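Please look over the sequence and the model shown below before reading on. The paragraphs that follow go through the structure one part at a time.

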Amino acid sequence: MQTSPSHRNSGKNYLAAIPLVATLFGCAPVPEVACVPGDGRSAYELQRVIEVAGRQGIATDGTHYFVSGSTALYVYSKDGELLQANKEPFLDLTMPANHIGDIAIHDGELFAGIEWFDDGQGTNIQVAVYDTANLAYLRSIDWNPDSGQVEVSAVTIDSDNDLIWMTDWVNGRYIYQYDLESGVYRGRLQLRPVPHRQQGIAYRNGFLFITADDGEADLEEPDSLWRLRVEPTSISALVTHELDLSAFNRAGEIEGVAWDETTNELLILSNRGARIVHGMPSGYYPGYDREIHEVYIFAKGVKRQK
Ligand SMILES: [Ca+2]
Ligand SMILES: [Ca+2]
């Protein structure tokens, strides 16, 4: 049940602001469809919002949405109907685990960044692989502790270079790459600048998109989507700001990100209502008695000429 008066009003307030946003950034003023500025060269239009059970990750095979909670996996229809769940995803893992981050789908398999997470630190990092047909556990790819990675907040599959990429929420200076087939650690890529508090990653057409929980929810600051060109053999990559997530119903904690190739839509999961301290829920904001998890679905606009 929705308990927040501010939330009930926020949609109206946001829609009322659309003409101004459209005027400022040159997006077409389409009634009932939000136009969101990107980096000045692209635009994202908010299509719809779906409430889900999980607070961590989002992925799609083009047919269904896959959502991760901290300790569960879910399958949804694209209309937001819950179709399937695995509420014991750690059962067959050999290392103790209590946390799933953002997830990815590749070739009928779901890849999940999993660890033991406590008080802002991760251990026992692994990429666990599940069957998308039934969410059954298949195998794990162990992390290389010598890589310097100390947390796994998200994974994505770069199918063009056959790589798994992982982000680190604790120290986001690097992202880490593993061979998709062998699971062998391939190296790390330094991000310049470093998106603060990385929570999601998604690969598309030679680019990596990273969500960062860099806006302070206490101050109603929006979080961000960042973008970089994939450079597997380089030691560093330049990162550009792609999207400001002021379209969310309330500033909160941005999480997973995914691209739906079949529809050219950007999917972002975000949480609102709970205060988060050191990465752990700690009470609620006024008007909330629970944390609300939502998937925001944006249509990618046509690149404009400068
Ligand atoms: Ca997360
Ligand atoms: Ca935030």
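**A walk through the chain**

Pro193 sits in the loop that runs between strand E14 (185–192) and strand E15 (198–204). The peptide bond leading from Arg192 into Pro193 is cis, with an omega near -5 degrees. This, like everything that follows, is read from a predicted model.

For the chain as a whole, the secondary structure consists of one helix and 23 strands. Of its 306 residues, 44% count as buried, and among contacts between residues at least 6 apart in sequence, 49% join residues that are at least 24 apart.

One group of strands can be followed in some detail. Four strands make up an open sheet, in the order E7-E8-E9-E10, and their pairing is antiparallel. Strand E7 (99–106) and strand E10 (137–142) stand at the edges of this sheet, and because each has a single partner strand, one side of each is left without a neighbour in the sheet. On average, neighbouring strands of the sheet are turned by 25 degrees against each other, when direction is ignored. Strand E9 (residues 121–131) is joined to E10 by five bridges, the two running antiparallel, and Val127 has Ile141 as its bridge partner in E10.

In soluble globular proteins, nonpolar side chains tend to be buried together. Here the largest nonpolar core has 69 residues, and of these Ala112 and Val155 touch the most other members. If residues up to four places away in sequence are left aside, Ala112 touches Ser68, Ile100, Ile103, Val127, Ala128, Tyr130 and Val155.

Eight of the eight residues of strand E19 are buried, so the strand is largely enclosed by the rest of the structure. The hairpin of E19 and E20 has four residues between the strands, and in it Asn264 takes a positive phi near 60 degrees.

Although Arg55 and Ile254 are 199 residues apart in sequence, their C-alpha atoms are 9.3 Å apart in space. Not counting residues up to four places away in sequence, Arg55 touches Gly69, Ser70, Glu255, Asn271, Glu291 and His293.

Two further loops hold residues with a positive phi. Asp162, in the loop between strand E11 (154–158) and strand E12 (163–167), has a phi near 50 degrees, a positive value in a residue other than glycine. Asp162 counts as partly exposed, because 14 C-beta neighbours lie inside 10 Å. Glu220, in the loop between strand E16 (207–212) and strand E17 (224–229), has a positive phi of about 60 degrees although it is not a glycine. With 11 other C-beta atoms within 10 Å, Glu220 is exposed.

Key
Residues numbered from 1 in each chain as written. Chains lettered and ligands numbered in written order. Predicted model: local features only at pLDDT ≥ 70, side-chain atom pairs only at ≥ 80, totals over all residues. Core = buried A, V, L, I, M, F, W, Y, C linked by C-beta atoms within 7 Å. Buried ≥ 20, exposed ≤ 12 C-beta atoms within 10 Å, placed from the backbone. Contact = placed C-beta atoms within 7 Å. Pairing = 2+ DSSP bridges. Axes fitted to C-alpha atoms, helices over the stretch in contact; angles between N-to-C directions.
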